[in-house]
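Visitor: Please take a close look at a single part of this model, the place where the two chains meet, and describe how that interface is built.

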Amino acid sequence: MEALILSLLFVCFTLFVMAQIIIFRKIEQARVVVWLKYIIVLSNIGFTLLFVLIIPYILPRLRIISYLISLMTFNLFVVAYILGVFGMVVSSLRIRILSEIAHRGERGLSIDNLLRHYNKEAIIKERVRRLIQTGDIFCEKGTYRLNNRFSLFLFHKIVFDVLGTLYKTGAGY
Amino acid sequence: MIYIVSSVVFFLITVSVHREVFFLVRNNPKSVVRSMIVFPVGLFIFAFISFVVIPRLQFNNPWWIMPLPFTGVILYLIFSFLFVIYFNGIYLGEASPTIALLLLLQKRHVLREKEIFEAFSDESFIGSRLQNLTDSGMVNKKRNRFYATLQGQRIVSFVDFYRNLLGWHEGG
């Protein structure tokens, strides 16, 4: 039975990645996080339907437990992909700086040239745009404010804080 | 179920071991990177536990002994991968601009665009990361100009390939 569950997991994950790539080709970059949430919800629904159809009938309690374990594993796969691959490509400052330098080839890049078109203004404007799209902040009469809700981005801060305490380093905030 | 619980417990044990190793080598960045070897070693040990030790245990309750050894190992791998990503963030001390922006708004409640720009510096976003790229060997600096090393170029090749799949030109 584990082979069947793992096969289902890999198939659903592959479909998730393919759906993400196909959809993201058609949307603007600022709406990435919003659409990512939709795709994750839809892929969880798809996973559930496939699980019910494909995994053979076993004792009800075992079926529920195996469903919950495989759903948890699937979502952890998705989270690992988003943070490790997608996040790196879409929003990592370090990767962007590295790309700017690598694309200059043998000419190299000075810090002044880099800051001319990739600087704190460009970085902040992009983040503000994304946060408005996700509904975490809003703009009113030229001022920005937080929306009254918990932001998923702040979940990362909690993890950083826990690790920072454990390893006695600062998390940089 | 025992495979899942063992996976979580063993991962936490591995993190504890890594933490002790980290305190011994924290002043040497290359040794800190090498300390990550704890996780692949932990993977081999856990795989042995999953495929050899646990099947020999006797349990009466069928849901506790549901045979999921591969799932347990996969979970350990995912936890380790996620840990490395977050650990990288705290070790390098680089604040995420998004989180920093949200915390600033949490503290000050209302901000104009100009006030947001004034709260941050190019050094905190760009300078520190450039230094880290140089220290980690992704980039070389010669006479005030930066050049990507072979390692850096390989990473950018993968990133460009993925961005082309998405039809995007740049990230960050």
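Guide: In this predicted model, 87 residues of chain A are in contact with 83 residues of chain B, contact meaning heavy atoms within 4.5 Å. The area buried between chain A and chain B, that is, the accessible area (1.4 Å probe) lost on putting the two together and summed over both, is about 7,900 Å², and carbon and sulfur atoms give 73% of that. On the side of chain A, the residues that lose the most area to chain B are Glu2(A), Arg94(A) and Tyr167(A), together 10% of what that side buries.

Between the chains, 20 residue pairs are in polar contact, both residues being at pLDDT 80 or more; such a contact is a pair of N or O atoms within 3.5 Å, one able to donate a hydrogen and the other to accept it, and residues adjacent in sequence count only if both atoms are side-chain atoms. The count of salt bridges (a side-chain nitrogen of Lys or Arg within 4 Å of a carboxyl oxygen of Asp or Glu) is 0 between chain A and chain B.

Among the elements of chain A that each supply at least two residues to the side touching chain B are helix H1 (2-24), helix H3 (60-91) and strand E3 (143-146), helices (H or I, at least four residues) and strands (E, at least two) being DSSP runs numbered from the N terminus. H3(A) gives the largest share of that side, 20 residues.

E3(A) also pairs in the antiparallel sense with strand E1 (residues 110-112) of chain B, over 3 bridges, where pairing requires that DSSP find at least two bridges between the strands. Within E1(B), Leu111(B) is the bridge partner of Tyr144(A).

Residues are numbered from 1 along each chain as its sequence is written, and chains are lettered from A in the order in which they are written. Local features need pLDDT of at least 70, while totals for chains and interfaces use all residues, and side-chain values use heavy atoms, with hydrogens and water left out.
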